[in-house]
Amino acid sequence: MLFRNRFLLLLALAALLAFVSLSLQFFHLIPVSTPKNGMSSKSRKRIMPDPVTEPPVTDPVYEALLYCNIPSVAERSMEGHAPHHFKLVSVHVFIRHGDRYPLYVIPKTKRPEIDCTLVANRKPYHPKLEAFVSHMSKGSGASFESPLNSLPLYPNHPLCEMGELTQTGVVQHLQNGQLLRDIYLKKHKLLPNDWSADQLYLETTGKSRTLQSGLALLYGFLPDFDWKKIYFRHQPSALFCSGSCYCPVRNQYLEKEQRRQYLLRLKNSQLEKTYGEMAKIVDVPTKQLRAANPIDSMLCHFCHNVSFPCTRNGCVDMEHFKVIKTHQIEDERERREKKLYLGYSVLGAHPILNQTIGRMQRATEGRKEELFALYSAHDVTLSPVLSALGLSEARFPRFAARLIFELWQDRGKPSEHSVRILYNGVDVTFHTSFCQDHHKRSPKPMCPLENLVRFVKRDMFVALGGSGTNYYDACHREEF
Ligand SMILES: *[C@@H]1O[C@H](CO)[C@@H](O)[C@H](O)[C@H]1NC(C)=O
Ligand SMILES: *[C@@H]1O[C@H](CO)[C@@H](O)[C@H](O)[C@H]1NC(C)=O
């Protein structure tokens, strides 16, 4: 089983690599002779970087392409892999919204001309795209909790609005949905044929890009997209912390983490020089340029193959992009070492993890509600969850990233339940801090549900180093 999984993983990664190297050459932004920074192709194949075998050199252009997540041939994935005597009980999906227009503009430049209407003869395309538009344009009635009802159901501006989901973003999630449908519905029959609204649990933040991403995923996923069976709840917090958001110690960790970020930036003279050059090009003070978070906009240019902006003073170029992107990668590395972000993450992710295990425990009791849960969210949602689970090595959430919790039952021992954790199709169960040692002792390719429950209820707070062993105490620790 393990060998077969590894083989499939290699196949999937080989396909990804082939696509990446091909598209690298297609991008006119990138010279055909892209320097490989001395990395062997073997080390570039992984989705989870492996600190043991991967050299510490990272290629900013390669990382940026992974982040764009440009739709290509259907990707292979490890979701739903289990021995025959296991039955799938429930699935919990956390997604980041798909490709979007920037949230910030680079001051005094023309913003990138990207069309956010959905058009069949424009790439990338998905066979369900037209049906999706036609279904969405028929409206929803009252399928959402207020204030979601006021949001458009699909992107529709000929020049994208700030933060708007693009056609690429819609296609990414139609693909996610279709992939999950083939595995969870067709293969594992997660939902009965006469499934009803209460078998789904759907929650999204109040942004059009998250609602639309969730709808696109569901449209690809569900056998019949019936508005009467869809009910999206609104989540006001990007941490999905519902009624448990008040946590002073979490905010203290965040402030320290931001201070760390600031100090690291000051140490990087090449970065400061790059911001200075770019500020000169667009003719604003360096401080103002930096505050406009130019990498967000530059990534949009990069992912959409649109040249970086020029003024009469010159052009923003690939070298600027590489310096800022490299710094981002460096920042993530230091973030792991200093562990302040881990503290923030443990407290930030606890409420949603607690909610998830609650849902899993109800399913183990034979309840048939909420068998498929979907949280349509942001990078600032997925990052803390990954980090809190001990997956701090995982890459920054790309567009349309998906993190999935699968709950399984051993048919031979019906009282035993197990979980699998998958990030972008890769099985990361045994990379988590609650199951790192388990597979060395057990031949089962899964983690006992109790491990996850114990971790969320108590053990995750150990990482904070204090005496608190529950959320309330850890959030109100005095000595911090
Ligand atoms: C990127 O744009 C250039 C010209 O603007 C074009 O020649 C090239 O084919 C494009 N690449 C892709 C992948 O669309
Ligand atoms: C965790 O979930 C249980 C129900 O499953 C709930 O009673 C409890 O308040 C939750 N705790 C937090 C901190 O969210």
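Tutor: A residue counts as buried when its relative accessible area is under 20%, and as exposed when that area is over 50%. The structure above is a predicted model.

Student: Is Arg260 buried or exposed?
Tutor: Arg260 is a residue of helix H6. The cut-off for burial is under 20% relative accessible area, and because Arg260 has 6% relative accessibility, the class it falls into is buried.

Student: Which residues is Arg260 in contact with, if its neighbours within four places in sequence are left aside?
Tutor: A contact here requires heavy atoms within 4.5 Å. Once the neighbours within four places in sequence are left aside, the residues in contact with Arg260 are Asp331, Glu334, Arg335, Lys338 and Leu340.

Student: What percentage of the residues of the protein count as buried?
Tutor: The secondary structure of the protein consists of 15 helices and 10 strands. The protein has 480 residues, and the part of them that counts as buried comes to 56%.

Student: How many disulfides does the protein have?
Tutor: A pair of cysteine sulfur atoms must lie within 2.5 Å to be taken as a disulfide. Cys68 and Cys303 are one such pair, with sulfur atoms 2.1 Å apart, and by this rule the number of disulfides in the protein is six.

Student: How far apart in sequence are the parts that the pair of Cys68 and Cys303 ties together?
Tutor: The sulfur atoms of Cys68 and Cys303 are 2.1 Å apart, and the two residues form a disulfide. Cys68 belongs to helix H2, residues 60–68, and Cys303 to helix H9, residues 294–303, so the parts tied together by this pair are separated in sequence by 235 residues.

Student: Is the link of Cys68 and Cys303 left-handed or right-handed?
Tutor: Both of these cysteines, Cys68 and Cys303, are buried. The angle about their S-S bond is -80°, and the link is left-handed.

Student: Is the disulfide of Cys116 and Cys160 left-handed or right-handed?
Tutor: Cys116 counts as buried at 0% relative accessibility, and Cys160 likewise counts as buried at 0%. Their sulfur atoms are 2.1 Å apart, and the two form a disulfide. The torsion about the S-S bond is about 95°, so this disulfide is right-handed.

Student: Where in the chain does Cys475 lie, as the partner of Cys247?
Tutor: A disulfide with an S to S distance of 2.1 Å joins Cys247 to Cys475. The pair links distant parts of the chain, 228 residues apart: Cys247 is in the loop between strand E3 (232–234) and helix H6 (248–267), whereas Cys475 is in helix H15 (residues 471–475).

Student: Which cysteine has the sulfur nearest to Cys300?
Tutor: With the bonded cysteines numbered in sequence order, the pairing reads 1-7, 2-3, 4-5, 6-12, 8-9, 10-11. Cys300 takes part in no disulfide, and at 7.3 Å the nearest cysteine sulfur is that of Cys160.

Student: Why is E1 largely enclosed by the rest of the structure?
Tutor: Burial asks for under 20% relative accessible area. Strand E1 is largely enclosed by the rest of the structure because, of its 11 residues, the number that are buried is 10.

Student: Which residue of E7 is the bridge partner of Val91?
Tutor: E1 and strand E7 (residues 402–410) run antiparallel and are joined by nine bridges. In E7, the bridge partner of Val91 is Glu406.

Student: Which residue of E6 is the bridge partner of Val93?
Tutor: E1 is also joined to strand E6 (residues 372–377), with six bridges, and these two strands run parallel. In E6, the bridge partner of Val93 is Leu374.

Student: Is H2 roughly parallel or roughly perpendicular to H10?
Tutor: The axes of H2 and helix H10 (residues 318–338) come within 9 Å of each other and cross at roughly 80°. Because angles of 65 to 115 degrees count as roughly perpendicular, the orientation of H2 relative to H10 is roughly perpendicular.

Student: How many nonpolar, polar and charged residues does the contact of H2 with H10 have?
Tutor: From H2, the residues Pro60, Val61, Glu63 and Ala64 meet Met318, Phe321, Lys322, Lys325, Thr326 and Ile329 of H10. Sorted by class, this contact has six nonpolar, one polar and three charged residues.

Technical notes
Residues numbered from 1 in each chain as written. Chains lettered and ligands numbered in written order. Predicted model: local features only at pLDDT ≥ 70, side-chain atom pairs only at ≥ 80, totals over all residues. Heavy atoms only, no water. Helix = DSSP H or I, 4+ residues; strand = E, 2+ residues; numbered from the N terminus. Buried < 20%, exposed > 50% of the residue type's maximum accessible area, 1.4 Å probe, protein only. Pairing = 2+ DSSP bridges. Axes fitted to C-alpha atoms, helices over the stretch in contact; angles between N-to-C directions. Parallel < 35°, antiparallel > 145°, perpendicular 65-115°, else oblique. Nonpolar A, V, L, I, M, F, W, Y, C, P; charged D, E, K, R; others polar.
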